[in-house]
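Biologist: Please take a close look at the helix packing here. Start with each chain as a whole, then go down to the residues.

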Amino acid sequence: MDTSLIPFLLFNLAKVIVVVVLLLMCVAYTVLLERKLVGRIQNRWGPSRVGPFGLLQPLVDGLKLFLKEDLMPEAVYRPLYILAPIIALSCALLSISVIPFGADIRWHGMQFFQISDNNIGLLILLGITSIGVYGIALSGWSSNNKYSLLGALRASAQVISYELALGLSLVGVVIRTGSLRLRDIVGVQAPHGLLSWNFFGGFQFVAFFIYLMAAYAETNRSPFDLPEAESELTAGYHTEYSSMKFAMFFMAEYGNMITVGCVATLLFFGGWTSPFGSFFHFGTGPVATALFSIFWFVAKVFGFLFLYIWVRGTLPRFRYDQLMGFGWKFLLPVAVANIVVTSFCIGLRLPMQ
Amino acid sequence: MHLALFIVFAVLCVAGALNLLLQRHPINSALSLIVVMSSLAVLYLLLGAEFLAAAQVIVYSGAIMVLFTFVIMLLNAGKEERTHGSKLAYIAGFPGAAALLGLLSYIFLSRRGEFGQARLGEYLATTSDLSRVLFRDLLLPFEVTSVLILIAILGAVALARKEH
C-alpha cells in the first residue's frame with residue numbers, strides 16, 4: 001500500500017492540474033465562441049482584431065482582468081464578500097472531477113481520463129450543484145446593494161425550484177442503468193451506438209428536455225438569467241465585483257456550462273462512445289481508442305455549448321412569475337410522469353424476482 | 001488514513017457547532033450550520049454510508065440551508081441583540097447541559113453491547129443494498145413514513161394559504 005501511495009498521489013495530482021488547466025482554457029475559448037456566435041446572430045463580426053480571427057482575444061481579456069484595479073466598496077461585509085467568488089469557482093471546478101472524458105484506459109490500475117471514479121458520481125454532481133448557489137447568494141447579500149440582493153434572492157429561489165425537476169429528470173436514466181456510476185451509465189449506451197443512447201433507444205427525450213431547461217436555469221443562463229438581468233438589475237449579484245473577483249464569477253458560470261454539457265453528453269448521448277456503435281471500427285489499440293473516445297466526447301460537448309449560445313442569442317428572458325410557474329407547474333409534473341412511465345415500461349420487461 | 005480524516009472532520013464539525021452558537025449574526029450562524037452538516041456528510045462517508053452522505057449534502061447543505069439563508073437575506077435580519085435571559089438559565093444552564101451529557105454518555109457506554117456497531121474502514125454499503133432494505137424488507141414502514149411527510153406538507157400548504 002505504502003509503496004504505491006506516492007506514485008498514485010503524484011499521478012492524481014498531475015491529472016488534477018492538467019484537467020483544471022484544460023478546463024480554464026476551455027472556459028476562455030467558450031467566452032470567445034460565445035462572443036463570435038452571438039456576433040454572427042446579431043449580424044456583426046464579434047472580436048476579430050487580436051490575432052487571426054480574434055483567436056488571441058481570451059488571453060488579452062484575461063490579462064485585462066488581472067491588471068484592473070480590485071475595488072472593494074466600503075459598506076460590504078468583507079469575509080463573505082471575499083468568500084463568495086471562491087465558493088462559486090471552486091464548486092464549478094470540483095464538479096468536473098467525477099466526469100469521465102474518455103474510454104476506460106488504465107496504466108498500472110490508474111485511470112487516465114477521469115479524476116475520481118466512484119459509485120455515486122451522479123449524486124456528487126447534484127450535491128456540488130446545490131452547494132454552488134451559495135456563491136451567488138452570499139455575493140449578493142454581502143455586497144450591501146439592493147440590486148445585488150435582488151439578484152441573489154432570485155438566484156436562490158430559482159435554483160431551489162429547478163433543482164427538483166433536474167434531479168427527477170435523471171431518475172429515468174438511473175432506472176434504465178441500475179447504477180449511479182457515470183461509467184456504467186455510459187456503458188449501457190455503448191453497444192449499438194445511436195440506437196442504444198438514452199435519448200433515442202432509452203426513450204428519455206422528455207427527460208432530456210427537462211434536464212436541459214432545468215440546467216439552463218441552474219447555471220443562470222439565458223433565458224433564465226434573471227439573477228443578473230442587466231436591463232433590470234444593473235448586473236445582478238456581481239454588480240459590486242471587479243477585477244479578479246468578477247473574473248472568478250465569470251469563470252464559474254462558463255465552467256458550469258461546460259459541466260452541464262458534459263453531463264448531458266454522458267447521460268443522454270452516450271458519452272465518449274461513437275454514434276455508429278460496433279458497425280464501424282475506427283482502429284484498435286489503446287491509442288486509437290483513447291483518441292477517438294476523446295474526439296466524440298469533445299464533439300458532443302461542443303454541440304451543447306453551441307446550443308447554449310444559440311439559445312442565448314435568440315430567446316428573450318422569462319418573467320419571474322413565468323419562471324416559477326414553468327418550473328413548478330410544468331417541468332416538475334412532466335418529470336414525475338416520465339419516472340412513472342419509464343419505470344412501468346422497464347418493470348414490464350423484467351421478469352418477476 | 002480513515003482515522004486522520006475522521007479526526008479532521010470531527011474537529012471541523014464541533015468547531016462549526018461552537019461557532020454557530022457564538023456568532024452574533026444570523027447569516028454567520030447559518031453558514032456554520034452548513035459546515036456542520038457537510039462535515040457530518042464526510043463522517044457518514046467514512047462509515048461507509050455513501051448514499052446517506054450524498055443525500056445529506058443535497059438535502060441539508062443544499063436545499064434546506066439555502067432556504068435558511070434565503071429567509072435571512074429576505075428579512076435582512078440584523079445582529080442579534082444581547083438580552084438578559086431568565087436567571088434560571090444563567091444558573092442552571094451549564095450544569096444542566098453537563099449533567100445531561102454525562103447521563104447520556106453513561107447510558108450509551110453502559111449499554112454498548114446492545115447497539116449495533118459501525119466501523120471506520122473499507123466497508124461500503126452500496127445504494128443497491130440500501131434500496132433492497134428500503135423497498136423490499138421495510139417497504140410498508142417506508143411508504144407509511146412517506147405518506148406521513150406528504151400529509152405534513154399538505155397541512156403546511158393548507159395553513160399558509162390565505163382565504164379569499
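**From chains to helix pairs**

Modeller: In chain A, 43% of the 353 residues are buried. Buried means that 20 or more other C-beta atoms, placed from the backbone, lie within 10 Å of the residue's own; 12 or fewer is exposed, and in between is partly exposed. This is a predicted model, where local features need pLDDT of at least 70, side-chain atom pairs count only at pLDDT 80 or more, and totals for chains, interfaces and linings use all residues. Residues are numbered from 1 along each chain as its sequence is written, while chains are lettered from A and ligands numbered from 1 in the order in which they are written.

Chain A has eleven helices and two strands. Helices are DSSP runs of H or I with at least four residues, strands are E runs of at least two, and both are numbered from the N terminus. The order along chain A is α-α-α-β-β-α-α-α-α-α-α-α-α. Its radius of gyration is 21 Å, close to the 20 Å of the globule rule for 353 residues, so chain A is as compact as a globular protein of that length. That radius is taken over C-alpha atoms, and the rule is 2.2 Å times the number of residues to the power 0.38. The C-alpha trace of chain A spans about 65 × 50 × 50 Å along its principal axes. Of the chain A contacts with a separation of 6 or more, 78% join residues 24 or more positions apart. A contact needs C-beta atoms, placed from the backbone, within 7 Å.

Now the pair in chain A. Helix α5 (residues 146–177) and helix α7 (residues 205–218) of chain A have axes that come within 8 Å and cross at roughly 150°. The axes are lines fitted to C-alpha atoms over the stretch in contact, and angles run from 0 to 180 degrees between N-to-C directions. α5(A) and α7(A) are therefore roughly antiparallel. The classes are roughly parallel under 35 degrees, roughly antiparallel over 145, roughly perpendicular from 65 to 115, and oblique for the rest. The crossing of α5(A) and α7(A) is left-handed: the near helix is turned anticlockwise from the far one by less than a right angle, whereas clockwise would be right-handed. The α5(A) side includes Tyr162(A), Leu166(A) and Val173(A), and the α7(A) side includes Ile210(A), Tyr211(A) and Ala214(A). This contact of α5(A) with α7(A) has twelve nonpolar, three polar and two charged residues. Ala, Val, Leu, Ile, Met, Phe, Trp, Tyr, Cys and Pro count as nonpolar, Asp, Glu, Lys and Arg as charged, and the others, Gly among them, as polar.

Chain B has six helices and zero strands. Of its 164 residues, 16% are buried.

Helix α2 (residues 26–46) of chain B packs against α3(B): their axes come within 8 Å and cross at roughly 175°. That makes α2(B) roughly antiparallel to α3(B). Leu33(B), Met37(B) and Tyr44(B) are among the α2(B) residues here, with Val57(B), Met65(B) and Phe68(B) among those of α3(B). The contact of α2(B) with α3(B) holds 17 nonpolar residues, four polar and one charged.

Last, the chains together. Here 17 residues of chain B contact 19 residues of chain A. Helix α3 (residues 50–75) of chain B gives the most to the chain B side, with 14 residues. That side has eleven nonpolar, five polar and one charged residues.

Terms used. Contact = placed C-beta atoms within 7 Å.
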